[in-house]
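Colleague: I'm new to this one and would like to know what stands behind the labels. Could you take me through it?

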Amino acid sequence: MNIDFAYLLKVFPQVLLYLPTTLLLAVVSMIFAMILGLVLALLRESKITVLVKVIEFYISLFRGIPSLVQLFIIYFGLPQLFPALSDLTAMSAAIIGFSLKTSAYMAEIFRAALVSVDWGQTEAGLSISMNRSQIYRRIVLPQAMLNALPATGNTFISLIKDTSVAFALGVSELFAEGKMIAAESLRFFETFLVVGLIYWLVIIVYSRLQNWLEKKLNHSLQC
């Protein structure tokens, strides 16, 4: 096996320059996905049959279609139906696609987290004349968000890795740059090894931050 370690060290900083683009895609998409997912989860608790069915269809649709297919539909397909979207950039299309897909998973995560909060606490809130809004804001949501944190973290990790398919739209992120460098140098193993190591290091750092946040939130709720 002939691995060029000098080449590994040389190409590492070149690929690393595109990490901010990958993180931007993941973080912005996750923020929108969490907001939309929480709204969907709360609306699903409304018990309005038609609304619940629409939300269930949305979740099924975006969980069932592969990310790459969704991105192609949004970036290449929608402008044909709506000419006003012809100026949609690849980055915007990628963020929209990742946000919609991830929100479908987040809706299920938040729904399970809301259900996990003991109904007795809601009854206790009602018994002291708190309204539904106050109960959710002060009692249910803080506990539900803590319960949802591990699954939310796993979803974010998946999203970071999923951003690699954005290269198909022409977004210059980690994988796209690695692909270009490998094509020029023909050192495919070393180049994609570097790309994989950078993803791995990002996940390690994020996992440590998530563990710290979980401990911090657990401590604050116990106090």
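**Reading the labels**

Modeller: Let's start with Thr-152: leaving out residues up to four places away in sequence, Thr-152 touches Met-30, Met-34, Met-106, Ile-109 and Phe-110. Contact here means heavy atoms within 4.5 Å. Keep in mind that this is a predicted model, where local features need pLDDT of at least 70, side-chain atom pairs count only at pLDDT 80 or more, and totals for chains, interfaces and linings use all residues. Residues are numbered from 1 along each chain as its sequence is written, and side-chain values use heavy atoms, with hydrogens and water left out.

Colleague: Why is Thr-152 called buried?

Modeller: Buried means under 20% relative accessible area, exposed means over 50%, and partly exposed is in between (1.4 Å probe, protein chains only). Thr-152 has 8% relative accessibility, so Thr-152 counts as buried. In the chain, buried residues make up 38% of the 223 residues.

Colleague: Where does Thr-152 sit?

Modeller: In helix H7. Helices (H or I, at least four residues) and strands (E, at least two) are DSSP runs, numbered from the N terminus. By that count the chain has nine helices and zero strands.

Colleague: How do you know that H7 bends?

Modeller: The bend at a residue is the angle between axes fitted to the seven residues ending there and the seven starting there. At Leu-149 that angle is about 45 degrees, and a proline, Pro-150, follows within four residues. The span tells a story too: helix H7 (residues 132-162) has 31 residues, yet its end C-alpha atoms are only 37 Å apart, short of the 45 Å that a straight helix would reach. That expected span is 1.5 Å times one less than the number of residues.

Colleague: What makes Arg-44 and Glu-108 a salt bridge?

Modeller: The term needs a side-chain nitrogen of Lys or Arg within 4 Å of a carboxyl oxygen of Asp or Glu. For Arg-44 and Glu-108 the closest N and O atoms are 2.3 Å apart, and they form a salt bridge. This pair links distant parts of the chain, with Arg-44 in helix H2 and Glu-108 in helix H5 (residues 90-116), 64 residues apart. Arg-44 also forms a salt bridge with Glu-56, at 3.5 Å between the closest N and O atoms.

Colleague: How exposed or buried are Arg-44 and Glu-108?

Modeller: Arg-44 is at 15% relative accessibility, so Arg-44 counts as buried. Glu-108 is at 23%, so Glu-108 counts as partly exposed.

Colleague: Which other residue meets Glu-108 in a salt bridge?

Modeller: Arg-111, at 3.5 Å from N to O. Salt bridges that share partners join Arg-44, Glu-56, Arg-63, Glu-108 and Arg-111 into one network.

Colleague: And what makes a nonpolar patch on the surface?

Modeller: Patches are made of residues with over 30% relative accessible area and no salt bridge: nonpolar side chains (Val, Leu, Ile, Met, Phe, Trp, Tyr) are joined within 5 Å, like charges within 9 Å. Here the members are Leu-23, Val-27, Ile-31, Phe-32, Ile-35, Val-39 and Leu-43, with about 570 Å² of accessible area together. Such areas come from the Shrake-Rupley method with a 1.4 Å probe; for residues, only the protein chains shown count as cover.

Colleague: Why is Ile-35 called exposed?

Modeller: Its relative accessible area is 52%, so Ile-35 is exposed. Ile-35 is found in helix H2 (residues 19-44).
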